[in-house]
Amino acid sequence: MAASFDLNNDGVVVIIGSGAGGGTLGNELAQKGVDVVILEAGARHEYEDFVNDEWGSFAQLAWTDKRTTSGDWRVAKDFPNLPAWIVKSVGGSTTHWAGASLRFQEHEFKTLSTYGKLEGANLLDWPITLAEMEPYYAKAEAKMGVTGTNDWPRLPGNNNFKVLKAGADKLGYKECHTGNMAINSVDRDDRNSCQQTGFCFQGCKWGAKWSTLYTEIPKGEATGHLEVRPNAMAIKINHDASGKVTGVVYADKDGKLQEQKARIVAVAGNSIESPRLLLNSASGKFPDGLANSSGQVGKNYMRHTTGSVYAIFDRPVHMYRGTTMAGIIRDEARHDPSRGFVGGYEFETLSLGLPFMAAFLDPGAWGRSFTTALDHYDHMAGLWIVGEDMPRAENRITLHADEKDAHGMPIADVHFDDHPNDTAMRNHAYKQATALYDAVGATRTFPTPPYPSTHNLGTNRMSEKAEDGVVNKHGQAHDIKNLFVSDGSQFTTGAAENPTLTIVSLAIRQADYIAAQMSAKTI
Amino acid sequence: MVTIYDAKPGFSRRELLKRGGIGALLVISGSAVISPEHAWGLETSALKPETMATLIQMARDIYPHDQVPDKYYAIAVKGHDEQAGKDAAYKAMLEDGIADLDKKSGDGGYRGLGWEDQRVGVLKQIEATPFFQAIRGGLVVGLYNQKEVWPIFGYEGESYSKGGYIARGFDDIEWL
Ligand SMILES: Cc1cc2nc3c(=O)[nH]c(=O)nc-3n(C[C@H](O)[C@H](O)[C@H](O)COP(=O)(O)OP(=O)(O)OC[C@H]3O[C@@H](n4cnc5c(N)ncnc54)[C@H](O)[C@@H]3O)c2cc1C
Ligand code: SF4
């Protein structure tokens, strides 16, 4: 049965956020008998509540509290108050996510050593290696049911994948398949297998796609050691005179402020909200915000170098049928500076329904050039580019100087400028993807600009040395022993791969560390 | 409040001509914009019906889909009438915006321009105005999020209740 803890219980671990990082950490700790309270800003919607409707689902699940943007990225112009497309709901963005689950490559943990110093980029090696991560990657893949691992078959390819594969073959790409997806290809874990409904981004109504909402969270609750408190928006983390954190102030469902006492606090609100909360917790002792002696909190915001290419053919495709991310090409993910940039990128099929296609194909565009593209919606195929972007100190989350949210907390501003390496990579990818579709007979292709960020990373970076980053190799704040960061904001650099498998692996690893430190009474 | 009703207005051709139809497409009658051909009408409360008729034409010129009937463009812009009813400044922006559009279009006004290219030429001049952006921005959801238009584009919408596409053609491509 789900636990219920008293506000004054100062023996609990308080986790902020119930998504990939927080939901996993909560369950892992509960399985070890540690008492956990997860504070989640969003409401709890179970999978039968999800809707196969893009805007309807967006209204149900997405984080729509106001944010502001600045910088030269096109999102700032097209979606000035929606820098990120992420979730505010129990389960976090694992309700929306597509399920692509890839391990990082060895060199991606060592970018400074591998790429060398790059002007305008704040590159740094991770304090962990692929070898250290491998056992945790294996645990995460087993937990999430990742296809192509543990003898689980890959998913069958849909129409969109078949077009991609045909193009990949024509271009001579070697590594193209239906991916490593955290989507059941067979019934397992008391959940269905994928029914190819095609609404992965709207929450999987079959429960086939892994989400903390209906895996980690109920499993944790069943131990009697986990309480998930929805509609609880953390506003400030308190500390004592010694600098240890002692509790979290949050606005409850009625907007009333409460404080949940804590032995340990773990922040997992995704890479915009986590630094926002640390910055907003500034005090006399920590005037620049918690865990910020390095000055790195909120900096090095990464969002992956992205973009899409859609193509129209003279015959029908119906790309929207079946899994949204139905296949991958990995050949360009290597580090090969001869292409004119460091790092690499993946191609992954992507499909949007008509309503989102109208909003995202070329935001702001109008007239026949635009509408004739939509006229052939059912003849379209499409892919998404996801590549490593460069961390930059100026790309950062800050507290807005005067605008506040409903609880009086300053809203977040998200500043982002593309690094020249990002632009070079994106242009390379546009060219390759266009060639790929042309090779299959596309009559028209569309290099589509990046959407609001679905991958948000790096704003509380992990570092060997305290002066270089916010947390150590366990996600533990360099400055405060009983404060942890448990989401993608820990990432030192972004790698070419979708981030969630790594977030989950780090959370499993962090749970081992926290439990060990608790037993040893060091925290 | 704007109501869109499906009903045969039953005007004779002579009467239509007398009332000064917009081409043969949309007719202004009292507080309504009527499409005699396609049997629907749209009643306005805050905006002038002429303004609404021009908004409908403008909507089509911004996002022209020749296979999508006017009715859906009318539904897509009707929210502006409601908004104008609640907000005088908004109403003024729309009425002034349309008046400006008509002025830039010469004697016959915006709807009097026969070719889409001519009308688009006028829209280009006002593209950066808050008025144009309000109309265009509203259409992105207002037009494309109408379930009734999806089949016209070949988008099938909700699929869970039909068991997904696992047995309904998720991999049925044949031409590759
Ligand atoms: C459309 C889409 C597709 C995606 N596809 C993929 C994919 O295929 N593969 C992949 O690897 N990744 C994918 N992602 C990204 C993936 O969802 C995220 O990387 C991952 O969920 C991030 O985990 P997280 O724990 O950092 O944050 P989240 O999962 O976003 O969880 C954060 C939670 O914290 C809550 N929260 C925030 N602030 C507070 C506060 N102050 N108080 C209380 N609660 C708070 C939020 O409401 C939210 O529920 C996708 C994302 C989207 C949106
Ligand atoms: S396509 Fe598969 S994974 Fe995606 S929503 Fe449908 S059943 Fe779930």
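A cavity here is a set of points, on a 1 Å grid over the protein atoms alone, where a 1.4 Å probe fits but cannot get out. A molecule sits in one if more than half of its atoms lie within 2 Å of its grid points. The model you have open is predicted, so local features need pLDDT of at least 70 and side-chain atom pairs pLDDT 80 or more, while totals for chains, interfaces and linings use all residues. Residues are numbered from 1 along each chain as written, chains are lettered from A and ligands numbered from 1 in written order, and side-chain values use heavy atoms, without hydrogens or water.

**First stop: ligand 1.** Select ligand 1: the space it takes is the largest cavity. Helices (H or I, at least four residues) and strands (E, at least two) are DSSP runs numbered from the N terminus. Those giving two or more residues to the shell are α1 (20–31), β6 (233–239), α8 (270–280) and α12 (500–519) of chain A.

Now show what is near (a heavy atom within 4 Å). You will find 39 residues, the closest being Glu40(A), Ser93(A), Ala234(A), Asn270(A) and Thr500(A).

- Gly99(A): a backbone N or O atom is 3.1 Å from a ligand 1 oxygen.
- Ala234(A): a backbone N or O atom is 2.8 Å from a ligand 1 nitrogen.
- Asn270(A): a side-chain N or O atom is 2.8 Å from a ligand 1 oxygen.

How much of ligand 1 does the protein bury? Of the 990 Å² that ligand 1 exposes when taken alone, 98% (accessible areas by the Shrake-Rupley method with a 1.4 Å probe).

**Next: ligand 2.** Around ligand 2, select residues including Cys194(A), Cys200(A), Cys204(A), Trp206(A) and Lys209(A). By class, this shell has six nonpolar, five polar and one charged residues (Ala, Val, Leu, Ile, Met, Phe, Trp, Tyr, Cys and Pro are nonpolar, Asp, Glu, Lys and Arg charged, the others polar).

**Last stop: residues 391–507 of chain A.** An unreviewed UniProt entry annotates this span as "domain: Glucose-methanol-choline oxidoreductase C-terminal". The span is 24% helix and 20% strand, with its end C-alpha atoms 22 Å apart.

Note on methods: Polar contact = N/O pair within 3.5 Å; in protein donor to acceptor, adjacent residues only side chain to side chain. 1 Å grid on protein atoms, 1.4 Å probe; cavity = no way out; pocket = protein on both sides within 12 Å on 5 of 7 lines; lining within 4 Å. UniProt positions renumbered as here; feature names shortened; annotations may be inferred.
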